[in-house]
Amino acid sequence: MLDTTRATEPLALLYERAVGGRLLAIEVVTARRWSPRLLDPPDPTRADVRVVLLASSQPPETTPTWLGVANIPARIAEDLVESGPYARPRADLEVALRVARGLTPAAGLLPEREFADFLAAGATAVRHPAPVPAEAARRLEVIRDFSREHGGSLGALPELAALPELDALTEESLEWHIVRRFDTPDAFSTAILLERLRESMPDVASTLRALNDARIAESSREWAELALDRRALLAAASPWRFIEGADTGPALAAVRSWLRRYEGARRAVHEHWRKRALDLRGRIEREMGSLRALERLNSIASLGPPRGEDASAVARGLRDELLAFDPAADTTTPLGPEPPLFARVQAAFEAVRGQLEARRQRLAAATVSVVLDQPGGPDVSRLLQAIQACDVDGIERALDARLAAHIEAVLERRTATPLQALTARYSEVDADTLDEVLAAFRELLADALLDAGGRPVPLA
């Protein structure tokens, strides 16, 4: 059984048709125990959702909508998947399929398209002006052959041309890769036509590819004119016109002029994103004190089981992404909105702050318990100490390893058992104090059980 720490190497990829006929690519992973790394989204070029078959431990209370977890004993999980990243599913993998049916793809649902339209458009783009086979299987083979001949340069079928088992891949897996990558049959045929042009007119192909790869948000008012001009040029400088030998000189010149405008706009936007990222990095570096405080409080065994470990791991990972963020290298975010990474980073650190507040409250409760359990001393004095102990706001500003160790030592020195704590509070009991003593003992027992994390608590 694999103890999974990397979620990018699934034991199986399954393909399931959802309601409406759209395909779902399911990454199935087995793991001995839960790892925060399983919260990293699946590679969008490989899978929509992830199902983790967990042998022991529990996942976090809340998981992303694209992630499903099933607890399966190790002796069963070892037999769930055949070898190889694209192994055919066995009957036992029905559990993974059932879990996956309730998940939402991380990159969004596949568009509602007929794959037959993609096959027709792709085969026509490969064969034009020659006739296209009528049978779907023959059209698919035409596309396979084209992928083999053009290696990895096409980009229409990521990974497929380089895979030795290209011929063995099912029609469903090919359908998923093509539809996920291209969205529309026209986009698929355009990519194939550009690859054909690359052999005969490389400069033209490069220019047209840049026009097709340009991304402008539909809702962006600032760049609306740029978007409208691009739409007109996509029609005027269609690859079909070059393939058919039409006069395309003026259209090509217009495309090159538009690309200069587009690159100027992107440079301005990238500079804005760069400054935004720099500002956000400064804010996040100030938030790292909260993250480190959460991790140190989680290291104190006397405060009970750790909380928020997944939030901490996600925040650290996103911080690393932010530090490495290069706007010029981001080709997926369209011109207009800011990169989604910024919002994800802020949400992750808000989650850390929430978990830290919960740990602060637990620390305050434990500290108050220590104060109240101290034998002797005036009641009012102990009450004031207890109130002061509740004030742990801002502890992250001073919580280093030394202070964490001291907190651990103080909490471990508190009264060893609930019964000893009770006798420290009440030296005797009578009919008038019986209910009060019983209530205090019940509270002490509940706290001790919580601290023990489910283990039995000795009374004496």
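Trainee: Where is the place of Pro-129?

Mentor: Pro-129 is in the loop between H3 and H4. The peptide bond from His-128 to Pro-129 is cis, with omega near 10°. This is a predicted model, in which local features need pLDDT of at least 70 and side-chain atom pairs count only at pLDDT 80 or more, while totals for chains, interfaces and linings use all residues. Residues are numbered from 1 along each chain as its sequence is written, and side-chain values use heavy atoms, with hydrogens and water left out.

Trainee: What makes a stretch a helix or a strand?

Mentor: Both are DSSP runs, numbered from the N terminus: a helix is H or I over at least four residues, a strand is E over at least two. By that rule the protein chain has 16 helices and 4 strands.

Trainee: How do you know that the span of helix H4 agrees with its number of residues?

Mentor: The expected span of a helix is 1.5 Å times one less than its number of residues. Helix H4 (residues 136-149) has 14 residues and should therefore span 20 Å; its end C-alpha atoms are 20 Å apart, so the two agree.

Trainee: Which residues of H4 are buried, and what do they pack against?

Mentor: Leu-140, Val-142, Ile-143, Arg-144, Phe-146 and Ser-147 are the buried ones. They pack against helix H3 (115-127), helix H5 (171-182) and helix H6 (185-200). As background, an α-helix has 3.6 residues a turn, so residues three or four places apart point the same way.

Trainee: Why does Thr-248 count as buried?

Mentor: Buried means under 20% relative accessible area, exposed means over 50%, and partly exposed is in between (1.4 Å probe, protein chains only). Thr-248 has 10% relative accessibility, so it counts as buried. This residue lies in the loop between helix H9 (239-243) and helix H10 (249-298). Leaving aside neighbours within four places in sequence, Thr-248 is in contact (heavy atoms within 4.5 Å) with Arg-241 and Phe-242. Over the protein chain, buried residues make up 42% of the 460 residues.

Trainee: Why is the pair of Asp-183 and Arg-113 called a salt bridge?

Mentor: A salt bridge needs a side-chain nitrogen of Lys or Arg within 4 Å of a carboxyl oxygen of Asp or Glu. For Asp-183 and Arg-113 the closest N and O atoms are 3.9 Å apart, so the pair qualifies. The pair links distant parts of the chain, 70 residues apart: Asp-183 is in the loop between H5 and H6, and Arg-113 is in the loop between helix H2 (94-100) and H3.

Trainee: Are these two residues buried or partly exposed?

Mentor: Asp-183, at 39% relative accessibility, counts as partly exposed, and Arg-113, at 38%, counts as partly exposed as well. Asp-183 also has phi near 75°, a positive value in a residue other than glycine.

Trainee: What do the side chains of Asp-229 and Arg-261 form?

Mentor: They meet in a salt bridge, at 3.0 Å from N to O. Asp-229 lies in helix H8 (residues 224-236) and Arg-261 in helix H10, so the pair ties together parts that are 32 residues apart in sequence. Asp-229 is partly exposed, with a relative accessible area of 27%, and so is Arg-261, with 37%.

Trainee: How do you know that Glu-321 and Arg-344 form a salt bridge?

Mentor: Their closest N and O atoms are 3.9 Å apart, and that value is within the 4 Å limit, so the pair counts. The pair links distant parts of the chain, with Glu-321 in helix H11 (residues 309-324) and Arg-344 in helix H12 (residues 340-373), 23 residues apart. Arg-17, Glu-172 and Glu-175 are linked in a network of salt bridges, and the structure holds 16 salt bridges.

Trainee: What makes two aromatic rings a pair?

Mentor: Rings of Phe, Tyr and Trp (its six-membered ring) pair if their centres lie within 6.5 Å; planes under 30 degrees apart are stacked, over 60 edge-to-face, and the rest tilted. A search of the whole structure finds 6 aromatic pairs. Phe-115, Phe-118, Phe-182 and Phe-188 form one aromatic cluster.

Trainee: What sits over the ring of Phe-182?

Mentor: The charged end of Arg-181, 4.6 Å from the ring centre. The rule asks for NZ of Lys or CZ of Arg within 6 Å of the ring centre and within 35 degrees of the ring normal.
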